[in-house]
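Let's take a walk through this structure together.

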Amino acid sequence: MTQGERMSPGRRTVLGAAVLGTAATGLPAAAASARPRGSGGERRHGSYKDLPVPYVIGHRGTAGYRPEHTLGSYQHALDLGAHVIEQDLVPTRDGHLVCRHENDITATTDVADRREFAGRKATKTIDGTAVTGWFTEDFTLAELRTLRAKERLPAVRQRNTLYDGRWSVPTFEEVLRWAEREERRLGRRIWLHTETKHPTYFRGIGLPLEDRVARLLRRYGRHRADSPQFLQSFEPSSIQRLSRLVDTPSVVLLSGTGTRPWDFVASGDPRTTDDLVTPEGLKWIASFAQGIGPTLDLIIPKDKAGRLTEPTTLVADAHARGLVLHPYTMRNENTFLPADFRRGTDPNAYGDVFGALTTYFATGIDAVFSDNADTALLAAADFRGGRPPRG
């Protein structure tokens with residue numbers, strides 16, 4: 001369904017740049033013009049603790065405006081002013097890391113329309129769930145490059161279908177090269193937030209992710225504690241492996257209450273997310289990671305009607321153990337918002353996302369993943385300035 005002018009990012013884009021200015025870089029104006037270097041000439045970056053709280057993580061780039069995990073989506077997130085830009089990584093059959101939210105690429109590429117790949121359709125069990133489609137691990141990189149990316153939610157984001165076929169599936173190395181070029185062009189660091197997807201599954205089929213990720217991070221100088229880079233995974237053991245390979249700041253992602261990370265299921269670890277958000281569980285996470293990425297419902301639960309209730313103690317408990325919080329995911333459409341912030345009856349219309357963001361920011365979270373970086377940036381600027389939300 002077409003959203004009309006409610007979907008237009010143009011005015012928000014201009015306002016976001018005007019309101020944030022160099023704040024979007026995480027550096028003061030003077031520092032933004034020249035990156036610091038050590039005595040030996042090597043590039044040095046500031047800590048993630050220097051990012052302006054709350055900072056905005058462009059979820060899959062700008063998934064609200066462009067087909068997700070494309071160079072077009074990443075560039076748009078950067079142009080809007082996102083402080084950090086997210087990638088999800090899965091491997092090809094020949095071991096290259098590519099940026100897709102899932103290894104099932106049925107909904108995000110034109111593979112289903114490609115007759116030459118009709119025989120690749122398969123049913124696989126991924127983290128205990130049977131999935132039918134086309135999978136990156138069944139394609140070489142050369143084959144995958146022939147596919148074109150498309151909008152994953154065309155019924156919700158019809159305008160994004162304008163860009164169907166415009167971009168290919170990028171490799172992680174291409175994104176790292178893009179970030180280097182943009183750093184040179186803009187004279188500032190480009191922060192990335194990179195997830196290992198289904199690491200236990202891929203390890204089981206002989207395509208482990210962590211060594212490949214670490215190798216590329218070292219090649220592009222993103223392996224240090226002060227690199228402009230976060231690593232993330234829903235599997236704590238993947239973060240543990242990465243922490244032994246690189247010093248890059250890392251975040252353990254946490255699903256909803258009662259769920260278990262798949263590596264826990266595979267290893268027989270009985271703990272659930274409920275155990276990991278206790279003070280003891282957070283202390284354990286802090287022994288190898290710098291943050292957590294919980295669902296927003298773990299910050300403020302909803303009642304049966306979908307309305308927000310009282311915040312939990314998770315923010316305070318995590319901060320007490322030195323962990324930052326990167327909850328997910330804010331989207332502008334009614335269908336994704338808490339019931340108390342929906343407006344009208346059209347599920348694809350925009351709701352009171354500024355009010356919702358302000359409510360979440362008030363809990364003390366350090367950042368938020370957002371499909372609509374410009375909206376979240378305006379809300380964050382208002383919150384830091386002590387201004388009421390502006391719808």
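To start with aromatic rings: those of Phe, Tyr and Trp (its six-membered ring) pair if their centres lie within 6.5 Å, and planes under 30 degrees apart count as stacked, over 60 as edge-to-face and the rest as tilted. Tyr48, Trp191 and Phe230 form one aromatic cluster. Before going on, know that this is a predicted model, where local features need pLDDT of at least 70, side-chain atom pairs count only at pLDDT 80 or more, and totals for chains, interfaces and linings use all residues. Residues are numbered from 1 along each chain as its sequence is written, and side-chain values use heavy atoms, leaving out hydrogens and water.

By the pairing rule, the count comes to 10 aromatic pairs. Take Phe117 and Phe139, an edge-to-face pair at 5.0 Å centre to centre with 75° between the planes. Phe117 sits in the loop between strands S3 (97–99) and S4 (122–126), and Phe139 in the loop between strand S5 (129–133) and helix H4 (141–144), so the pair ties together parts 22 residues apart in sequence. Helices (H or I, at least four residues) and strands (E, at least two) are DSSP runs, numbered from the N terminus.

Now back to Phe230, which belongs to strand S7 (residues 229–233).

Who are the neighbours of S7? Strands pair if DSSP finds at least two bridges between them. Four bridges join S7 to strand S6 (residues 191–196), running parallel, and His193 stands opposite Phe230. Three bridges join S7 to strand S8 (residues 250–254), also parallel, with Ser233 opposite Val252. From S7 the chain crosses through helix H8 (residues 236–245) to S8, a right-handed β-α-β crossover: with the strands pointing away from you, the path from the first strand over the helix to the second runs clockwise.

Further along comes helix H15 (residues 373–384). Here 10 of the 12 residues are buried, so H15 is largely enclosed by the rest of the structure. Just after H15, Gly386 takes a positive phi of about 70°.

Stepping back, the chain has 15 helices and 11 strands, and buried residues make up 56% of its 391 residues.

Key. Buried means under 20% relative accessible area, exposed over 50%, partly exposed in between (1.4 Å probe, protein chains only). The expected span of a helix is 1.5 Å times one less than its number of residues.
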